[in-house]
Amino acid sequence: MANGTEEIPGPTGLPFLGNIGTVDSEVPLTSFLNLADQYGPIYRLNFAGNPVVFCSSWELINELCDEKRFAKSIKSALKEVRNAVHDGLFTAKMDEPNWGIAHRVLMPAFGPLSIAGMLDEMHDIASQLAMKWARHGSSVPIMVTEDFTRLTLDTLALCAMGYRFNSFYHDEMHPFIEAMGSFLTESGSRFRRPPITSMFYRDSTHKYFEDIDLMRKTADEVLKARKENPTDRNKDLLTAMLNGTDPKTGQKMTDSSIIDNLITFLIAGHETTSGLLSFAFYQLLKHPEAYRKAQDEVDEVVGTGPVKIEHLGQLKYIAAVLRETLRHSPTISQFSVAPIQDEIIGGRYKVPKDQPIVLLLAKSQMDTTVYGKDADQFVPERMLDENFDKLNKEFPNCWKPFGNGARACIGRPFAWQEALLVTAMLLQNFNFLMDDPSYQLHIKQTLTIKPKGFYMRCSLREGLTATTLEHRLSGSEPRMDAHNAGVPVAGAAAKNGNGRPFSIYFGSNSGTCQGLANRLAQDAPSHGFAARVVDPLDAAYRDVPSNEPVAIITASYEGQPPDNAGLFVNWITSLKAHEMEKVSYAVFGCGHHDWFETFHRIPKLIDSMLDELGGNRIAQIGLSDAAKGEIFTDFETWEDEVFWPAMSEKYGIKQSAEAEAVPALSVEFSTPRTSSLRQDVREACIVDVKTLSAPGQPLKKHLEIKLPTDMAYRAGDYLVVLPLNPKQNVIRAMRRFQIPWDAHMRIRSDGRTNLPINESLSVDDVLGAYVELGQPATKRSILSLAEATKGTQVKETLQNLAGNDYAAEISAKRVSLLELLERFPEIELPFGTFLSLLPPMRVRQYSISSSPLWNPLHVTLTFSILESPSLSGTEHRYIGVASNFLANLGVGDRLHVSVRPSHTAFHLPLDAAHTPIVCIAAGTGIAPFRGFIQERAAMIGAGRSLAPCLLFFGCRDPDADELYRDDMDRWQAMGAVDMRFAYSRRADHPDAAGCKYVQHRLYHDRNDVGRLWEKGARLYVCGSRDVGEGVHQAAIKMMAGFAKEHDGQEMSEVEVEKWFQGLRNVRYATDVFD
């Protein structure tokens, strides 16, 4: 362009429609953020002839906040919002007189003393929320955004206009809420549509104006009620609007203007604060240390009495949590300005007068220039008062969730006081945990954003009951005594009177440890005990039972606790005295030995910390290595030989003679057909299938999957798949038990089970979807077969297989329970007992091999199909459950999936322009890196300059199993990647540089790697255990060489190893699989 300016980049649009199809109609923010990743800090979109510029870097936002050059723009969605609120404070144009009159009249009502005077009414509504949660109890999931919406709407209505919606006394939300949400969503959609398309949206338009009428009618009723019934209230906003006089013009606000602003307050005031509180509790539950610090601060500052105005200013850490929450998730995620005259922004982009420019706060507030390399991490400490002031001084306008300048949110002091009060009150009286620990943040967007589908559960703290909480909130807390202590609430688990009660807590991401916990509860009655609770470990946060035994079963993930155990682990590691001296406990742990530095770290940490804190260890810790595939056998061995004998000895309880060794299930067969779906995954659809390997080679496939609505991902994340057992295995089981193929059954059980009970289900469905048919038999299950056998010889054989022969004949050969039943037809095992002996079907996870910049609604998977001869020598082949399930899917087939984030370190660096990356993979380990390179290619294709990327890839033969070569060649030509190959069977190939394995090529090209390392490169590895170990050794050798070459320093292998391990998950990230 002329005059040294550049054209603003952006995607090509369609004639007439422009970029309407580029933007997700349900969550436009997701599209805007993806486009910012692709095109950089500035881009342009066109919505049916309406050009809009988007800016997302701190540098540009800072420039655009100059009110001498840029003014608030009302040309985007806000123009549509004016249909309801006209020239209210939020939507008025700068030259409209009603804005100035209302602003000057209302400013005194938002002063510090006025806001402080509203605390009692805020406390009133917050107490209603707390009492609802207390009375519902810990077993009832809380729909977080809905209850916080009730809270903030009622608070604003009461404080601003003396009106009670009484939302907590009705099951349904007030009609105003539904109308408002629908109105805001439609306002955003109307702006992006071409006017000519309005004929296709007549129903939507009719509903839109109905919603406007309802909102204005509600506000008018409030105004009329106040006029007809004057009050001596002199502090609320309605009084100010009715009685106030503009000091500049001497005018009063008209009734129409009052109605406009009543609706404005109800919309802007309650939507944003409810979103803030919802996001804040999500972040606290995802970050256990921040949760503990926030709760500790409340305990120290407030104690057990009511939260008072003088407490709020002392809640420094909670204020930091709220600021950091608004940095990550500004509820008003963007606002618009326009140049007052023609301007050049960023020193090179020309924008004409009145051109709408969107300030994309959800991106700019993550700028690494301001917040560093960990800008995407939730770190409240950076927002403590001193740090916050320093940030804003050094980087003006880097935090703008309340808007800018004269048009910034007038109600900020009100919202801040309410958020502080509610957060403090809830943390003071409740402990919280995720209802679904695997929940990942999804967004619901109107003009504001909120979490979607976010549920949590709460339990009262420190022996509180709903009755005592009511007194505490009113400031008249009674003494705790036997009469009011421990009163159960509806839905709470009751004690089982058939055994001594004990508590079981689990930490589990994949469901394995939860399955073990249920198995322990199932086994308890036969040993004279009854599981009072089987809950996530976080449910024991600050509340470990001291009057009964406690069993803890938890996994360790790369040295970190599972999602539902983080709060508990963070809490016990913060304790210093003898807080656990009345707790009797036992721990069983799972881990994977590939993470040798952190193998079993979490279960060992819990076991040792409980001991150090004065706890009484009932039994020695039990441990299992997931890499060996014997978790269920290890657990049963620990149960039978360690845990139950220790429990029996300590509590003097003998095994029940009447109890069955295996709790059988009662099964009734029937004919009606029904279906049952799992709740932790959602339905997706296959849209493309490709075979990647050459004919005659081990099969590798590529699937393209359309995700469920609102499911988002990042390059490097996992897709969790809930598979079905291979059909041939299901047929084998039904044949062994002589069950008709179309049979149905109804399962009944007095104990705990992972199977659906009291439903009519097809046997085919239960065997295919709910149990693992191919897992190696456990010692206990083999002994159950022996007990069901009358023949002496077979019984003896089975007992030997469960004894000394187990490792060699069962575990090593992966012999399943079904295979033993086929081998020994003499066994007369009831089908219900067979089901109860099988572990529950578990999800499998695969690295996603695509980028959302390619398609935010689709993912691709890259995988090998596992099928090999049976190690036991039978005619049946060993078939991988998930890989064969996926391999047999075709276009249009459905499956159940969810996205699971990978480790934070296993994502592309935020500063892609300046941080080089080195990726190393073999075989299907290329999957996440294909996503990385695809994302870089999209960025480069949009005009961005990126730091270099090396990808080392190994396979057998370039003509047999080299994956995605055409893609990689195309992306290499763009500059997105520099490929380096190794071929195990064609090392003489020119592309292999004489290297057989990928670790050899890495060392061969060590000088290139070293140059990037010196520039701050990050190293990523994905592949099998052998690949991970080979790369590890090569990297150690390289690093030692670098140290000697550049520093003249000789480092021992131990020193290099220690240094290298310090880089793990900082500059070195691995994803190793079996």
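**Entry 1: the chain overall**

I began with the surface: the accessible surface of the protein chain comes to about 45,000 Å², and 50% of that area belongs to carbon and sulfur atoms. I note that accessible areas come from the Shrake-Rupley method with a 1.4 Å probe, with only the protein chains shown counting as cover for residues. This is a predicted model, in which local features need pLDDT of at least 70 and side-chain atom pairs count only at pLDDT 80 or more, while totals for chains, interfaces and linings use all residues. Residues are numbered from 1 along each chain as its sequence is written, and side-chain values use heavy atoms, with hydrogens and water left out.

I then looked up the secondary structure, which comes to 37 helices and 34 strands; helices (H or I, at least four residues) and strands (E, at least two) are DSSP runs, numbered from the N terminus. The radius of gyration of the protein chain is 32 Å, close to the 31 Å that the globule rule gives for 1074 residues, so the chain is as compact as a globular protein of that length. For the record, this radius is taken over C-alpha atoms, and the rule is 2.2 Å times the number of residues to the power 0.38. Along its principal axes the C-alpha trace spans about 105 × 80 × 65 Å.

Of the 1074 residues, 57% count as buried, where buried means under 20% relative accessible area, exposed means over 50%, and partly exposed is in between (1.4 Å probe, protein chains only). Among contacts (heavy atoms within 4.5 Å) between residues at least 6 apart in sequence, 76% join residues at least 24 apart.

I also checked the charges: there are 113 positive and 134 negative side chains, and the centres of the two sets lie 3 Å apart. Lys and Arg count as positive and Asp and Glu as negative, without His and the chain ends, and each charge is placed at NZ of Lys, CZ of Arg, CG of Asp or CD of Glu.

**Entry 2: helix H27 and its surroundings**

In helix H27, which runs over residues 792–801, I found Val794, Leu798 and Leu801 to be buried. Seen down the axis of H27, these buried residues fall within an arc of 55 degrees, so they line one face of the helix; the arc is that of the directions from the helix axis to the C-beta atoms. On the other side of H27, Thr792 and Gln793 are exposed. What covers the buried residues of H27 includes helix H26 (779–787), helix H28 (806–811) and helix H29 (817–823).

Serine 781 is buried, with a relative accessible area of 3%, and, not counting residues up to four places away in sequence, it touches Glu636, Leu817 and Leu837.

**Entry 3: helix H37**

Helix H37 covers residues 1053–1061, and its buried residues are Val1056, Glu1057, Phe1060 and Gln1061. Down the axis of H37 they fall within an arc of 130 degrees, so they line one face of the helix. The face turned away from that buried side carries the exposed residues Val1054 and Lys1058.

Alanine 586 is placed in strand E16, residues 584–591, and counts as buried at 0% relative accessibility. Leaving aside residues up to four places away in sequence, alanine 586 touches Val550, Ala551, Ile552, Ile618, Ala619, Trp638 and Phe643. Its C-alpha atom is separated by 7.5 Å from that of aspartate 607, 21 residues apart along the chain.

Glycine 528 lies in the loop between helix H20 (512–523) and strand E14 (529–536), and is buried, with a relative accessible area of 15%. Beyond residues up to four places away in sequence, glycine 528 touches Gly499, Arg500, Ile653 and Lys654.

Alanine 48 has a positive phi of about 50 degrees although it is not a glycine. Alanine 48 lies in the loop between strand E1 (42–47) and strand E2 (50–55), and is buried, with a relative accessible area of 16%. Aspartate 354 has a phi near 70 degrees, also a positive value in a residue other than glycine. Aspartate 354 lies in the loop between strand E7 (349–351) and strand E8 (357–360), and counts as partly exposed at 37% relative accessibility.
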